[in-house]
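Here is a short report on a multi-chain model. Please look at the structure first, then read on.

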Amino acid sequence: MSHLKLSGISKSYGQFNALEAVDLDIAKGEFVTFLGPSGSGKTTTLMIIAGFESATSGQVEIENKSLFGLAPYQRNIGIVFQNYGLFPHKTAAQNVYFPLQMRGVKKAEGLRKAEEMLELVGLKGFGHRHPKELSGGQQQRVALARALVFEPSLLLLDEPLGALDKNLREQMQIEIKRIQRALGVTTIFVTHDQSEAMSMSDRIVVFEKGRIQQVATPLELYHRPQTRFVASFIGESNLIDVKITDAAKREARNDAIGAIQYAPSNRPPTGSEATLMIRPENIKLSRNPVEGRHNVRMKVETIINYGDNALVVGKVGEQMMRVRVLGADVVIIKEGEECCISWLHDSVYLIAK
Amino acid sequence: MNRFLRWLGIAVAIFIAAPLVIVVPMSFSNARSLQFPPPGYWLGYYQAYFTDWSWLRPTWNSILIASATTMLTMVLVVPATFALVRHRFRGKGIADLMMLMPLAVPHIVMAVGYYSYFGSFGIVHTHLGVILAHTCLSVPIAFLVLSANLKGFDRTLERAALSLGASPTRTFIHITLPILRPGLIISALFAFIQSFDETVVAIFISGRDAETLPRKMFDSIRQEADPVIAVISTLLFAAVILGVTVPLVVAHIRNKQARLAAA
Amino acid sequence: MGNCIARLTERKNLWPWLLLAPLAIYMAVFFLVPLIDVAIMSVTEPRPTLANYQRVLTGSLYLRVFLNTFITAATVTFACLLVGYPLAYLMANSKPRTATLILLLVTMSFWTSFLVRTYAWMVLLGNNGPIVWLLQTLGVQQPPQLLFTRFSSTLAMVHILAPYMVMNIYSVMRKIDPVLIRSAESLGAKGLALFRHVYLPLTAPGIANGSVLVFVICLGFYVTPVLLGSPREQMVAGLIGNQIDEFLAFGMGSAMAMVLLVVTLAILTIYHRRFGLDKLWG
């Protein structure tokens, strides 16, 4: 049974459709990430769930109860905002106590609970500080404690890590996951950073142009993207436009590369247009063709060395190809040379148009 | 070039400072008319000021009028500023302009208008008349200060409060108002000072009964140059020194404390 | 559903009007109406004709007063610029301690009632004041009459209005990126050339702001010219005051007030078109 259910949510501003028919079910205790570029509708969806925006049409339900007509303060949903939204005139403890105060909890008990919550997020003894006396990461934790202390039915995180530097981000990702598991709270996390989404989520919802492109676990999203957009947005990929020449034999044709075989797929019929995806790490680079693999000759244009690995960019005819190789293997090739690239049929994934 | 600028700067600084400073020794002077350097020193004119009703009454009137003006101004300006800063609606441009208009109209023009207009109601020469007029002149100043503050207000804070279960009213009381408090205080202070210092309109409409301090000073300077003016000037100047330096000192101490707390 | 939302937005649009209404009504009744009253009086007092304007715009006495007002305002503005620019420059380019000190001085002057400052100039320039005393010690037998001249009122107005100029120019100078100056220097600009081609144009908005503000305030200045100026060389505001106070000539007073108002608003409107009025008092 779903905990949160969105059905047919649309939002339009005049002629512009910000969201189109968004359907989504989220189970209790799940950690779901809304991923997409800015303007894709992920934040709008979040704000509709929170009650700060009203949908043009559609329903939001929690535990089968519609939220229609409920103001944000009646929804019992915890939110951590991008810039935290900590009250500057209140101490950390008072900030965390605030939602309890609004629910009529007595001051002594409320402040005790607030201290407990601060301890859970690793800020024991920081309760008396004002937000401006705390570091960015600490402010983040206070905001998290405040959004959780009143046991909300849902926790919304709106790009909460955007303002932190890289090391702190990773630390906070782990921290947020730990706290979320400890409390078992259903969580929606909004981000435009795919690696953040991959590392934290039970499931990822990919948004583009006001539509949900795909809802899937991180691994599924990486290996079986359903649209060309998802394939290009999640991880690196070589996307090759083809025409299916024989659906039964799983054969397709690209003008530059020629005939390509793809992994088992039941979808497009012969003659239809499609896109093939090959991840750069599934392509092998060698001087000579390799037995048992599909071999193509590529002219190497650029080599970018990262130390442990390298990215080799080159062209097969007019088709640009990216190949990821181990750092040690890159020495066999130089920029401007021709080489052989190869892959297994099973690593060629077909995406229907 | 730089040395030239420095000397020029010092000269200008003296030009600006000298007239402010000179009223202080003058207030302790025992001369009957303007004379500098003073022939001798005493506190007689301070005593004169604090015992003479012809000076105390205008002082009291000014405090009364400025306080009432401040209250009326804030009651009108606070909701209007929220409307103008936070909402977009037709006629907003005109409303904005209307708020600032009193700054653009010379006070002498308003004085002529009030003299005749309030005369027709019979409220010229009354406290009420001066308060009503001064409120118009204080509105733009209070509005400018408050709207600058409100524009800088992070509305995420209100959204956060709403999401945490506070109704719009409680959000306003617990979050919006406390955070805006410094802005509100400064805005009210500016309104108060504007009224307390306003001279031209007061000269024409305050009359004998509602005579304000600036009007009394103006008349006195014009007629006899009563040395008590030096006393009042010194007191006003002292108030300005306090008003300008105390916030600086307080901010300095707070900064130090914050740095200690963070360390 | 759509209908319901339309009604909601309508209600939302009513809200700002409710918040604004008390002030709007107040300003209409106690600001606009008295102003309109002045306009009406100028053509109805004592009789409904345009005679008042005819006299104001052709009478040599009035024209001389208007001319005098303009010249004084221009002089004061120019002097404020001469005084204010170097001070603002020092403020923007000295060590923090010196800058704060100057800022403190300027703010104090700004906040001190201009009656107090006018009075101070009476002391300074009076016949028994320090300047006359200084001139006498230097051997000047017959020191010139300083007080109650155009000189004394102009000087006091410069002193009173200089803070406006300083603050306006300073707020622009403070925002100038030092990298700009350094890059100009690296491109070979030095001394006066650097100032004329880089610094001055960059500070021009501040100069414009300050000058318009000072000029406009000066046009309608009442207190200082009346107290310190020569009775024979009145400014407009003083003359308007006379008409009301002494002659009870509301028609003439109003007509002059209207001319003053129109000129002031014209200057501010031109300024508004080019730069935006809200910056002036910001």
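## Annotated spans of chain C

An unreviewed UniProt entry carries the annotation "transmembrane region" for residues 17-41, 61-89, 101-126, 146-166, 206-228 and 248-271 of chain C. UniProt positions are given in the numbering used here, feature names are shortened, and annotations may be inferred rather than shown by experiment. This is a predicted model: local features need pLDDT of at least 70, side-chain atom pairs count only at pLDDT 80 or more, and totals for chains, interfaces and linings use all residues. Residues are numbered from 1 along each chain as its sequence is written, while chains are lettered from A and ligands numbered from 1 in the order in which they are written.

Two of these spans can be described further. Residues 101-126 of chain C are 88% helix and 0% strand, with end C-alpha atoms 29 Å apart. Residues 206-228 of chain C are 87% helix and 0% strand, and their end C-alpha atoms also lie 29 Å apart. Helices (H or I, at least four residues) and strands (E, at least two) are DSSP runs, numbered from the N terminus.

## Fold and dimensions of chain C

Chain C has 13 helices and 0 strands. Its radius of gyration, taken over C-alpha atoms, is 24 Å; a compact globule of 282 residues would have one near 19 Å. That globule rule is 2.2 Å times the number of residues to the power 0.38. The C-alpha trace of chain C spans about 85 × 60 × 30 Å along its principal axes.

Of the 282 residues in chain C, 43% are buried. Buried means that 20 or more other C-beta atoms, placed from the backbone, lie within 10 Å of the residue's own. Among contacts in chain C with a separation of 6 or more, 75% join residues 24 or more positions apart. A contact needs C-beta atoms, placed from the backbone, within 7 Å.

## Where chains B and C meet

The contact takes 69 residues from chain B and 68 residues from chain C. On the chain B side, α1(B) gives the largest share, 14 residues.

By class, the side of chain B that touches chain C has 58 nonpolar, 9 polar and 2 charged residues. Ala, Val, Leu, Ile, Met, Phe, Trp, Tyr, Cys and Pro count as nonpolar, Asp, Glu, Lys and Arg as charged, and the others, Gly among them, as polar.

## A sheet in chain A

In chain A, 5 strands form an open antiparallel sheet, ordered β15-β19-β16-β17-β18. Strands pair if DSSP finds at least two bridges between them. The edge strands are β15 (284-286) and β18 (319-326) of chain A.

β15(A) pairs with β19 (residues 338-343) of chain A over 3 bridges, in the antiparallel sense. A:Ser286 stands opposite A:Cys340 in β19(A).

Technical notes. A residue is buried if 20 or more other C-beta atoms lie within 10 Å of its own, exposed if 12 or fewer, and partly exposed in between; C-beta atoms are placed from the backbone. Two residues are in contact if their C-beta atoms, placed from the backbone, lie within 7 Å.
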